[in-house]
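Hi,

Here is the structure I promised to pass on. Have a look at it first, and my notes follow below.

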Amino acid sequence: MELKSAISVTFLCLVLLALANGSYAGTITVYWGQNGNEGTLAEACATGNYDYVIIAFLPTFGKGQTPMINLAGHCDPHSNNGCTGLSSDIKSCQAKGIKVLLSLRGDVGSPSIDPSQAATYLWNNFLGGHSLTRPLGPAVLDGIDFDIEGGSNKHWGDLARLLKGYGMAKQSKKVYITAAPQCPFPDAWIGNALTTGLFDFVWVQFYNNPPCQYNSGAISNLEDAWKQWITSIPANKIFLGLPASPLAAGSGFIPAADLTSKVLPAIKGSSKYGGVMLWSRYYDVQSGYSSSIKSYV
């Protein structure tokens, strides 16, 4: 009884401390898959630093295209076994409670999509459906991420709705729908879709865009943009998307000391604060950034 009382008092003190600080606890998300020297997916999850890992990317999809995954040096999708060996790594991550998603990449020149066709393909080949040619093997991913930075700005909301519908109709595990817009508001490519309320998490890229990012110690641009995102987008949580090292982006890197002492205290007061997204696992391996910020996020 004495032990339980001590635990109860300690828990109450922690709750009161959090309320007094007016801040919310967050998690770290990382993109993995675009550098063969970043280590395996299982190794990334074994660090204990991430709650969400996004496999990047599925860049080839849409009308008239044969869908093709691109995981840089990790695997060759054209080989006999392709990237199916990742299935065991995905399951290893999920066994640790880590959610693993697949990121769709849209770039300049990407065609518009048929949302029904795309949803059926994604459901059967990466989520809870069935296909004899699942690119990542039998593992069932936790959701789909939209990293759309060019091509068409149409039909992404329809695709999100159809993917959510598949999960509900099949009574399968929750299908997470996420997005990585750039910080200028509204986002030119995915902005309309983000107003639907279908997105669970939105990891906004607060980098490569000086008008809305951290600049040499000044956080006012970032803070103003953050307020606009959290008040305008009906997502469950908004994440602060950052490069994991100065080499990971053209601009917008925030030194860990500045992030923990200046930036996070300015944004963690919102109930929509979800944490920090990092591009990417490779740069995080080089810099150790996630380890240096984890206890503050």
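Let's start with Val-53, which is buried, with a relative accessible area of 0%. Bear in mind as you read that this is a predicted model. Val-53 sits in strand E2, which covers residues 52–58. What does Val-53 touch, once you leave aside its neighbours within four places in sequence? Its contacts are Val-30, Trp-32, Leu-41, Cys-45, Ile-98, Lys-99, Val-100 and Leu-101. Lys-272 is another matter: 219 residues separate it from Val-53 in sequence, and the two C-alpha atoms are 20 Å apart in space.

Now for the overall layout. E2 belongs to a closed barrel of eight strands, in the order E1-E2-E3-E4-E5-E6-E7-E8, and the pairing is parallel. From one strand to the next, the twist averages 25°.

H5 (residues 156–169) lies across E3 (99–106), E4 (143–148) and E5 (176–179), and its direction makes an angle of about 175° with E4. H8 (residues 256–267) lies across E7 and E8, at about 155° to E7.

Which residues of H7 are buried? They are Leu-222, Ala-225, Trp-226, Trp-229 and Ile-230. These five are on the same side of H7 because they cover an arc of only 130° around the axis. Asp-224 and Thr-231, on the other side of H7, are exposed. The cover over the buried residues of H7 includes helix H6 (191–194), strand E6 (201–205), E7, H8 and E8.

One last stop is Ser-280, in the loop between E8 and helix H9 (281–287). Is Ser-280 buried or exposed? Ser-280 is buried, because its relative accessible area is 6% and the cut-off for buried is under 20%. Leaving aside neighbours within four places in sequence, Ser-280 is in contact with Val-30, Tyr-31 and Ala-244. Val-30 also turns up among the contacts of Val-53, which brings us back to where we started.

Cheers

Technical notes. Residues are numbered from 1 along each chain as its sequence is written. This is a predicted model: local features need pLDDT of at least 70, side-chain atom pairs count only at pLDDT 80 or more; totals for chains, interfaces and linings use all residues. Side-chain values use heavy atoms; hydrogens and water are left out. Two strands pair if DSSP finds at least two bridges between them. Helices (H or I, at least four residues) and strands (E, at least two) are DSSP runs, numbered from the N terminus. Axes are lines fitted to C-alpha atoms, for helices over the stretch in contact, and angles run from 0 to 180 degrees between N-to-C directions. Contact means heavy atoms within 4.5 Å. Buried means under 20% relative accessible area, exposed over 50%, partly exposed in between (1.4 Å probe, protein chains only). The arc is that of the directions from the helix axis to the C-beta atoms.
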